[in-house]
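Biologist: Could you walk me through this one while I have it open?

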Amino acid sequence: MIEVADRLNTVEEYYFSKKLREVNLLIANGKPVINLGIGSPDMRPPQKVIDALVESLQDVNAHKYQSYQGLPALREAMAGFYKEHFNVSLSQTTEILPLMGSKEGIMHISMAFLNKGDGVLIPNPGYPTYQSVTNLVEAKAMFYELDETNNWFPDFKAIEKQDLSKVKLMWVNYPHMPTGAGATEQLFKDLIAFAKRYNILIVNDNPYSFVLNDSPKSIMSIPGAKDVCLELNSLSKTFNMAGWRVGMVVGDSNYINHILKVKSNMDSGMFYGIQKGAIEALKCSSMWFVTLNSVYRKRRELVWKLAKALHCTYDEHATGLFVWAKLPPNIKSEAFIDSILNINYIFITPGTIFGSKGEGYIRFSLCASEEELVEAIARLK
Ligand SMILES: Cc1ncc(COP(=O)(O)O)c(C=O)c1O
């Protein structure tokens, strides 16, 4: 046997990759599992997006290698999207880099900016990929705790008690997954001031701005942000295009160039038809979000009922594609979701996969139909 690289021992197989095997086994054995685990939108993208992809296939250019920076029209659409929805002006030639989903950006940014041993501030609870990528590039994960009592915002005083001399990068993610906490302008200002004080690059991972959120915000709208911030964005949740793999990183042209240096050595451009579809999506009017959110709003009402049936509490003001619910005292998240999976055949995500601060919480996805949610509630009665 050939031994694997040491770095592989620093990560585990992704939770969902493992758990879905268990769920699929139940399904193969005829169990009617309702999946409220993963945030993979189950609705279709806008029809014009699908049409643009289909039409593009006849174009002779569709099948060639594509530009490392994406089609100019795609970057123009991304710049237009940032201007229209966040009132942020970006140069489409130098300040935007299309990505194949924002997840790959987490690796590219880490490879561009982190050396072995550099410190990386990571939210707990938070998206698990920040930690695994940090481990893979042999940097040092330094968790900052988020707490309900502080509206799931970073506690700067607590962070500043640590030695920050080796910290190079800080992942932030507002609106926050899994808790659904929304950003405020003041939070973004505080983050930028903190980053400038300690010379840290802040990356706001922002894929949930348009789901059940009345005031989408970008950290790039704050004066001074371009000095110390990058932002990741994504079409996955915004336009029901998770499987298409389209995202972007935006920020100062120097930072973007460094990331391009990594990315251009890793892939050879995004498929033409996907870019054509993405352009159409980005040009959608705000009506798209109204329609999308009217569905999610109804589903969320049902998930709240489900959470109540499980004796959980939740914040009705939270945003995003999930309901983050607190279990009754002294109940462990993983044991709880396993029993609901095996007895009621409902798959819910345990809060612990997002870090130790997720203990005592569970996360419901809104990516299930009303019929399925009604059935889930009925099963608990
Ligand atoms: C916080 C967060 N960041 C990034 C991603 C990755 O999204 P994308 O589909 O754009 O790669 C996800 C997906 O679940 C997420 O929850």
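This is a predicted model: local features need pLDDT of at least 70, side-chain atom pairs count only at pLDDT 80 or more; totals for chains, interfaces and linings use all residues.

Biologist: Okay, then what does Ser-333 touch?

Modeller: Leaving aside residues up to four places away in sequence, Ser-333 touches Leu-327, Pro-350, Gly-351, Thr-352, Gly-358, Glu-359, Gly-360 and Tyr-361. As for its place in the fold, Ser-333 is found in helix H12, which covers residues 333-344.

Biologist: Is Ser-333 buried or exposed?

Modeller: Ser-333 counts as buried, because its relative accessibility is 0% and the cut-off for buried is under 20%.

Biologist: And which backbone oxygen lies 2.9 Å from a polar atom of its side chain?

Modeller: That is the backbone oxygen of Tyr-361, which lies 2.9 Å from a polar atom of the Ser-333 side chain; Tyr-361 is also one of the residues that Ser-333 touches.

Biologist: Switching to aromatics, how many aromatic pairs does the structure hold?

Modeller: The structure holds 22 aromatic pairs. One of them is formed by Phe-239 and Phe-289, whose rings are tilted, with 5.8 Å centre to centre and 45° between the planes.

Biologist: Where in the chain do those two sit?

Modeller: The pair links distant parts of the chain, 50 residues apart: Phe-239 is in the loop between strand S7 (229-234) and strand S8 (247-251), while Phe-289 belongs to helix H11 (residues 287-309). Both Phe-239 and Phe-289 are buried, and they belong to one aromatic cluster together with Phe-81, Tyr-82, Phe-86, Phe-210 and Trp-288.

Biologist: What about Phe-322, which residue lies over its face?

Modeller: Arg-363 does, at 3.6 Å from the ring centre of Phe-322.

Biologist: Now cysteines: how many disulfides does the structure hold?

Modeller: The structure holds zero disulfides.

Biologist: Last topic, what feature does UniProt place at residues 32-380?

Modeller: The UniProt record, an unreviewed entry, places "domain: Aminotransferase class I/classII large" there. In the model, that span is 39% helix and 17% strand, and its end C-alpha atoms lie 14 Å apart.

Methods
Residues are numbered from 1 along each chain as its sequence is written. Side-chain values use heavy atoms; hydrogens and water are left out. Rings of Phe, Tyr and Trp (its six-membered ring) pair if their centres lie within 6.5 Å; planes under 30 degrees apart count as stacked, over 60 as edge-to-face and the rest as tilted. Helices (H or I, at least four residues) and strands (E, at least two) are DSSP runs, numbered from the N terminus. Buried means under 20% relative accessible area, exposed over 50%, partly exposed in between (1.4 Å probe, protein chains only). A charge sits over a ring if NZ of Lys or CZ of Arg is within 6 Å of the ring centre and within 35 degrees of the ring normal. A disulfide is a pair of cysteine sulfur atoms within 2.5 Å. A polar contact is a pair of N or O atoms within 3.5 Å; within protein, one must be able to donate a hydrogen and the other to accept it, and residues adjacent in sequence count only if both atoms are side-chain atoms. Contact means heavy atoms within 4.5 Å. UniProt positions are given in the numbering used here, feature names are shortened, and annotations may be inferred rather than shown by experiment.
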